[in-house]
Amino acid sequence: MTTDTRSTSSLRHDPLVRGLGWASAALGVPQVVAPAGFARALGVGDAPRHRTATTAVGVRELAAAAGLLGRPHPVWLWGRVGGDLMDLTMLGRALKNHDGRGLGRTVAATAAVTAITATDVYAAVTRTRRSSPMELTAATTVTRSPDEVYTLWKDLERLPEFMVHLDEVRVTGPRTSHWRAGAPFGRTVEWDAEITQDVPGQLIAWRSVDGADIDNSGEVRFVPAPGGRGTEIHVSLRYDLPGGPLGQAAARYFGEEPHQQLDDDLRRFKQIAEIGEVVRSEGAPGGKRARGEFPQHPARPLTEDELKEALS
Amino acid sequence: MKANCWTGRNSVEVQDVPDPSILNSRDAIVKITSTAICGSDLHLVDGYVPTMEKGDILGHEFMGEVVEVGSGISDGKVRVGDRVVVPFPIACGACASCRAELYSCCENSNPNAGISEKMFGHPTCGIYGYSHLTGGFAGGQAEYARVVLADTNALKIESDLSDEQVLFLSDILPTGFMGADMCDIEEGDVVAVWGAGPVGQFAMDSARVLGAEKVIAIDKETYRLDMAAAQGYTTINFEDTDVRSALLELTGGRGPDKCIDAVGMEATHGASHIHLYDRAKQAVRSETDRPHALRQAIMSCRSGGVVSVIGVYGGMIDKFPAGAWMNRSLTLRTGQCHVQRYMQPLLAMIEQGKIDPTRIITHRLPLTEAPTGYDLFKNKKDNCEKVVLKP
Ligand SMILES: [Zn+2]
Ligand SMILES: [Zn+2]
């Protein structure tokens, strides 16, 4: 499943998007308030049809400003590009039929709108990088009661023990926490999360709050397994991965294939729930992790330096 | 310390490596007193098992004295100074498979479970010195070894039995026994065993202990067949005899009631064209195993009989006789040995003198001569049946 949008929250903090929003407002206000003066300033005269056109353009600019500053979405940027093309068409017609008075100003205005158009096209193209909300699901069964498994998972600060891409989870309130995770290419991403549903022994659901580097949400359900086999753990996660298919391919190349990662996380969780710790071998001293599957340390004892590194 | 390491296809070397250390809280470090070379080590050395890395320490049959224990081992379970035999499958004791005594299917002990899951559909346990597919654990052909989850994975020997009497509890004796156990042997049964190597010999001994009336050994090495004959078993040399006809003749036309494949993926075959066919398929990787013994066991077994497979298979096989299996109501049972399930009862049988594991040892060498031991065993030189190494 993919869409053409980048997350709302990251656009809200984008300086270019905000700059264009304020520029729209700065242009739209005089166009609507004083269309005649504005038209004269452009050197196109204040004939009624020019005044009407200027007012219409102003309304459009104000709508774009409200959109970009209020609920930013790439569609507003593309709207600006469309508006720019209309403006350029009108200016082109004005230049063609020009009577010579204020021609310099009209030429300058045309040059300015051309530059604005280029900026808008750039902003629209770069802010519409395809991102893919990605849904992952995985399940495992653990020979413990739903209550025990729930309690273990609810201890959020222990999550990095089995979710190895997490560097830290810090509980910041009764329902809130701050998460820091490693991302491909050695980057770090951080976000605040809030618990949205919490049913002891049955369910925990959470989502990132506005301003997350990567919007994400998730849910774990704890279901009694049939025949007294313990607890089925059903996890579903949703990430708004930047970079779309290309980004995912790059992530995969670095061994961060998300499904594999979730699978590994659950295997380690099962180890902790059933035997208390993650099993380490000489070949895989950090325990189960796809990234480290190959090449591995040879299956022979680690030197002291290797041991320090592996256990850190 | 010194350790026998895999250094490439058909090459092992005794090297100096760091001493093992505790990596998990329930680990123990064992000073090894005896270790053995196993037939399945040859699959690794031959390069038939993927995921080997240069420098891997080999060996999954070992025993010794505990010299260090981790902080997570509960009191009295394993103590420094204990003499222990270590089963080759690493079991956690807590997962559903372990609770069902399916220790070699442990769901927690293999840090590379993802690889084994891709190959086998579901993950299998960790094994010492047995490639990274089974976890990348250092093996026991060394002076010291780390025993993982030692409170579950070490059998204490408290009597004065010798190393040679108990060492094979780590693998081949329980493996042979499980081969016979899966046959549900009844009074009067005739049991045929393909492969008269160490595991095959123990499968024969176990079949007799469990009540088989007649045991038939099938191999091509005369010294191995002689070893079986010395125990009173009937022998068939497949190089000069048609196995199925011989088996029918020995069983009044019925076929053996129970058949044990103690050969596995690198079988050889008397009929050279079939062997060539499998070798060719193996060479182009469209077949990973050569299942002659398995095919022959299925074709020979009496209708309604059991075919029990303890020989190691790794991948895909061609020309599996599904018709014979289905139409003649055969039962196929198999598994890597769940060693922990059998260690204690077998120890008791050794103590009672019902089974003598030492009878198969033909060579005793110092650890430093491990490469020689591999050469003798692999190439069946000097009538080599089983090599025990002393660090
Ligand atoms: Zn073995
Ligand atoms: Zn287990």
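1. Of the 312 residues of chain A, 46% count as buried (under 20% relative accessible area, with exposed over 50% and partly exposed in between, using a 1.4 Å probe and protein chains only). The model is predicted: local features need pLDDT of at least 70, side-chain atom pairs count only at pLDDT 80 or more, and totals for chains, interfaces and linings use all residues. Residues are numbered from 1 along each chain as its sequence is written, chains are lettered from A and ligands numbered from 1 in the order in which they are written, and side-chain values use heavy atoms, with hydrogens and water left out.

2. The secondary structure of chain A comprises 11 helices and 7 strands; helices (H or I, at least four residues) and strands (E, at least two) are DSSP runs, numbered from the N terminus. Among its contacts between residues at least 6 apart in sequence, 55% join residues at least 24 apart, a contact being heavy atoms within 4.5 Å.

3. In chain A, helix 7 (residues 146-154) packs against helix 10 (residues 258-275) at an angle of about 115 degrees, and their axes are 11 Å apart. Axes are lines fitted to C-alpha atoms, for helices over the stretch in contact, and angles run from 0 to 180 degrees between N-to-C directions. Helix 7 of chain A contributes Val149(A), Leu152(A) and Trp153(A) to the contact, and helix 10 of chain A contributes Leu266(A), Phe269(A), Ile272(A) and Ala273(A). These residues divide into 7 nonpolar, no polar and no charged; Ala, Val, Leu, Ile, Met, Phe, Trp, Tyr, Cys and Pro count as nonpolar, Asp, Glu, Lys and Arg as charged, and the others, Gly among them, as polar.

4. Donors are N, O and S atoms within 2.8 Å of the metal (3.2 Å for Na, K and Ca); water is not among the atoms, so sites may look incomplete. Four donors count as tetrahedral if all angles lie between 85 and 135 degrees; four count as square planar and six as octahedral if opposite donors are over 155 degrees apart and all others between 65 and 115; anything else is irregular.

5. Cys38(B) lies in the loop between strand 3 (28-37) and helix 1 (39-46) of chain B, and Asp171(B) in the loop between helix 4 (163-166) and helix 5 (172-181) of chain B, so the pair ties together parts that are 133 residues apart in sequence. Both Cys38(B) and Asp171(B) are buried.

6. The zinc ion (ligand 2) is coordinated at 2.3 to 2.4 Å by the SG atoms of Cys92(B), Cys95(B), Cys98(B) and Cys106(B). This site is tetrahedral, with angles of 101 to 119 degrees among its 4 donor atoms. The donor spacing is C-x2-C-x2-C-x7-C, and both Cys95(B) and Cys98(B) are buried.

7. Helix 5 of chain B is mostly covered, with 9 of its 10 residues buried. Its cover includes helix 6, strand 13 (258-261), strand 14 (306-309) and helix 12 (339-351) of chain B.

8. Gly195(B) lies in the loop between strand 10 (190-194) and helix 6 (198-209) of chain B and counts as buried because its relative accessibility is 10%. Residues touched by Gly195(B), not counting those up to four places away in sequence, include Met204(B), Ile218(B) and Val263(B).
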